[in-house]
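Please walk through the model below with its sequence alongside, moving from one chain to the other and then into the details.

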Amino acid sequence: MSKKSLLIMPEMCSGCRACQVACKNWNQLPAEKTSMKGDFSHPPDLSGTTFNRIRFAEMPTEKDKFRWLFVSQRCMHCEDAGCMKICPTPGALYRTQDGGVATNKEKCIGCHLCLAGCPFNVPRYGADGKMAKCTMCADRIENNMLPACAKTCHTQAISFGDRDSMLAKARKMGYSKVYGQNELGGLGVMFAFKDAPKVYGYDENPSINEMVILWHKYLKPMSWFGIGGVAIASALHYFAVGPHKAEAPKEDKKEEVKQDEAK
Amino acid sequence: MTNHYVDLKNAKAFLIEGSNCAENHPMSLRWIMKAKEKGAVIIHVDPRFTRTSKLADIYACIRPGTDIAFLGGMINYILEHHLYDETYVKQNTNCYFLLKPEFKFEEGVFSGYQEGKFKYDNSSWGYQLDPQTKKPLKAKSLDDPNCVFAQLKKFYSRYTLQTASEITGIPVDTIKLIADTLVKNRPGTIMYALGITQHTTGVQNIRSFGILQQLLGNMGKAGTGVNALRGEPNVQGSTDFALLFNYLPGYLSYPNHDQQTLKDWTKSSGTFRAKFLVNLLKAWFGPNATPENDFGYGWIAKKNKGKNYSIFRIFETAVEGKMKMLYVMGQNPMVTSPNLNLVHKGLSNLEMLVVADPFMTETAAFWEKPGCDPKTINTEVIFLPAASFLEKQGTKSNSGRLVQWCYTKINPPGEAKTDLEMVDLLFNRIRKLYAGSALEKDQVFKKVVWNYPKENMYETVLQEINGYNLKTGEHLKGIGEIQPDGSTSTGNWVYAGCYANAKNLTKRRDNKTDPSGLGMFPGFAWSWPGNMKVLYNRASCDEKGQPLDKERPLIWWDQAQKKWVGFDTPDVPVATDGPDTPNGQKPFRMSGEGVSRLIAAPYKDFDPKNMDLPRDSSSTPADGPMPEHYEPVESPTANKLHPKVASNPCLKYPRLKADQPIGKHSEFPYVLTTSGIAEHWCCGAFTRNVPWLNEISPETYVEIPEQLATKFRIRNGSKVKVWSARGEVVVPAMVTKRLRPLKINGEEVFIIWMPYSWGFKGLSQAASTNLITIDAGDPNTWIQETKACLVNLARA
């Protein structure tokens, strides 16, 4: 099956946030309690129950004028996925047949390493300590439906389809460069930016933390041999992310790892 | 809308003024963005840089309540520089018609002003008429000083770009740029919403659009028009069916006390509309309506001509103790009406209040208003649980007049009933109570035909609306079959044909077939009138009846078939009357003149065969035949054009002195404008009970420009007290670059903005903005001036 992608055009976005509500609706995620802090960006961050959000930014430009940007924040579904590389548990993060990065909660051990692996600061964790993020609506795509956000976007600021057709669409709209065409081996979520990515809050050259590459190349294979992997993972986590604050259910972790060993 | 939503994709220019369509009509964006992809220019004129401005190519920040000055500046610029479509204007408007020489406009008032009565005697505004035919006399050239066009030019000559700029705060260059852009990019469309209507000059704001579009030749064609984006999914349907107090269904004038017979009514409204009234009476009274008894016209209650029956007067008469009982359905005035303290006082003074709603609204629970002691209120309140929009079937008419059947998705919970069930039960009970009455005033309850079968109630009502040939019992196929003699009936003449050949056409869903390629989809649901998509489409053709825009043809005269044909239903009086007949040259046949009216002169059109009763009567706004700029009741500046006549001279405010104080600029230095937002809908009764929507828009707030915030040391999110002469609220601040000070008549004016969708009930509760807004109203429609009032603010 050919690789599919989302194409997001912030200039077309009206900031209605129907994509946020559609995502919560499809994934049956509870609403977060928010309060007015003088900004439209609600909720204030991605979370275990918020997989996509629009950031609103008032940008001063030339004299007297300004720009108001609405930028989608969500998992970018990298081809060269840092989260998959660092994840110590095979199958907790997996590549869908359409090219997205999906999660399997049954297998996630809640080690939070994926946050260190992600160049876009996307992974967040639910009350169960497990990673939760956008799956590119793998369950919808399998059934020939558009991802919930793309389906609901009435301005077509978010569109979805074969990667080539998405690139062609961006070109047709006058975008010679598409953010995500080549970055990290190609992102599953591509942006058509009018200006430099940093104006929109995106890294010019996103890259995976070197520690993650080190882990992926040399240490991860070893982890499969035993529980020691978890210890190394924890150590690495300590260096890369900092001390683990939330209490992860240790019993579960052991079980998960044992299951993997059985395979 | 003169056009329709999908037609927006055909426009090359958009003037979006007084509308934040990106937030409040998001689906319109689908078509606007399609036009934008093809290179269309989007212009947004609004006091606040909104999510719509973000998508626009040109944004102009306008002071609230000055649209007439801005549009006047553009109209004058177009007239002065001969940028108008002369051929179109000559063919389609009343430009040549001669006005009476006594017509005047001086010092801010038109001739005929009746001092102290807040109204005009408009007899001097009329045309010079041929004594025999009573038709208007026409000038030989547009230079004749008494002709409409010359008078229009003279009137608008005061609106120089400089004057327009000083009143509105929009730079001269920007006004000029917008005018030039509209001239260069045709077809062009105008979209507006409550930002235009909610003013004491609401009707005249829209009249300005009409004049501008006529001059540009932007009417009756694809991608053009004056397009009202209605505020609710079925508000178009509501107004079609006489939600407004001064109409009967189908926009027939509501009878006054000085029109006791059908003939009296016809004298003012004309025989063309009397035919439709007869059919309405036949639909209501069935066999009881006969030519001998005036078709039961006498049974309809007449309204007092001198009285105002608008929503304002409902609460005011309650305050005055004259209204005892109020039944509220589909509305939550305790959030949406202005000057809420007065609304609350009125509700508290009722003997009984009935509220039918899916949610316990602020109106239903008005005695829970913060600071109110329920012990002091004697009103008995009855709450009727109503089915929501998902729990009932029936039609919805959208802004583009598209009437779509909607199905019941889930059954209403518990004892909740649909509106129709409630009205049906109520009417049958009331009829029983009146059964023994011999009084003449109660006859209406006995004579009305009311027998809707339980199993098919909704479609039976639609069939009655469509109407019948009473001889054959067949459904009417269209307006053309309506007869004046009582042999047909229709509950709303503009809907005749929606249920033709025993088929409910509003259920059609062909979204594939579009022979025009212009997005008309004639097989998708049904549009009134007669499935017409673009009103006045005769104006899309030249005098010979051939399309002016070859890329976007709508209709044309087919000489071989000897009739008007095309992709749309031709908007002509008779389909077989060609361009060489008088009927073939009536591009705006719904006006008495048959052409559009640059100046809205009072006029009654007579048929040569019947010189006793007029055929049709053109409507004239109460406050003038042309739009003049008047300041809002609470204004931060003097009226630059005529300081002695600052606000609309037809405006009576305050109506109740004690409850309607007017704030002075010295005490209330800032302009407040209010509106809806994307995330919450109207009063918020529905949306504030949806946690997902409360998550993205958790509470009310006030947008404050950075410069003002700095002055008061207000930070983002900090609490701010905002108060007017009428009330106060405390809400969090949103400090923004999107609002900015304007230079008005040489002085700096600050505008702040608040959404109005909150109240003290539901899952998300916050102060109602309408506690501080003003309840002055447009003298034609009595819509509230919630877009402009004066306030003060401080850190709370």
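The paragraphs that follow describe the chains, the domains and some local features in turn.

This is a predicted model, in which local features need pLDDT of at least 70 and side-chain atom pairs count only at pLDDT 80 or more, while totals for chains, interfaces and linings use all residues. Residues are numbered from 1 along each chain as its sequence is written, and chains are lettered from A and ligands numbered from 1 in the order in which they are written.

Chain A holds nine helices and nine strands, where helices (H or I, at least four residues) and strands (E, at least two) are DSSP runs numbered from the N terminus. Of the 263 residues in chain A, 43% are buried, a residue being called buried if 20 or more other C-beta atoms, placed from the backbone, lie within 10 Å of its own. Among the contacts in chain A with a separation of 6 or more, 62% are between residues 24 or more positions apart; two residues are in contact if their C-beta atoms, placed from the backbone, lie within 7 Å.

Between the chains, 25 residues of chain A are in contact with 31 residues of chain B. On the side of chain A that touches chain B, two or more residues come from each of α1 (18-27), β2 (53-60) and β3 (66-73) of chain A, and α1(A) gives the most, with three residues. By class, this side of chain A has nine nonpolar, ten polar and six charged residues, with Ala, Val, Leu, Ile, Met, Phe, Trp, Tyr, Cys and Pro counted as nonpolar, Asp, Glu, Lys and Arg as charged, and the others, Gly among them, as polar.

Chain B is divided into domain 1 (6-231), domain 2 (311-387 + 413-434) and domain 3 (657-795), with bounds that come from an automatic or database domain assignment. The centres of domain 2 and domain 3 of chain B, taken over C-alpha atoms, are separated by 26 Å, and their contact takes 22 residues from domain 2 and 24 residues from domain 3. On the domain 2 side, α14 (311-319), α15 (333-336) and α16 (340-348) of chain B each supply at least two residues, and α16(B) gives the most, with four.

Within chain B, the axes of helix α4 (residues 67-80) and helix α7 (residues 161-168), which are lines fitted to C-alpha atoms over the stretch in contact, come within 8 Å and cross at roughly 170°. That crossing makes α4(B) roughly antiparallel to α7(B), a description for angles over 145 degrees, on a scale that runs from 0 to 180 degrees between N-to-C directions. The contact of these two helices has six nonpolar, three polar and no charged residues.

Strand β24 (residues 670-675) of chain B is mostly covered, six of its six residues being buried. Tyr670(B), Leu672(B) and Thr674(B) point one way from β24(B), while Val671(B), Thr673(B) and Ser675(B) point the other way. Strands pair if DSSP finds at least two bridges between them: three bridges join β24(B) to the antiparallel strand β31 (residues 789-795) of chain B, and five join β24(B) to the parallel strand β30 (residues 751-755) of chain B. Tyr670(B) stands opposite Val791(B) in β31(B), and Leu672(B) stands opposite Ile752(B) in β30(B).

Finally, Phe567(B) lies in the loop between β21 (563-566) and β22 (603-605) of chain B, and Phe567(B) counts as buried because it has 20 C-beta neighbours inside 10 Å.

Terms used: Buried ≥ 20, exposed ≤ 12 C-beta atoms within 10 Å, placed from the backbone. Parallel < 35°, antiparallel > 145°, perpendicular 65-115°, else oblique.
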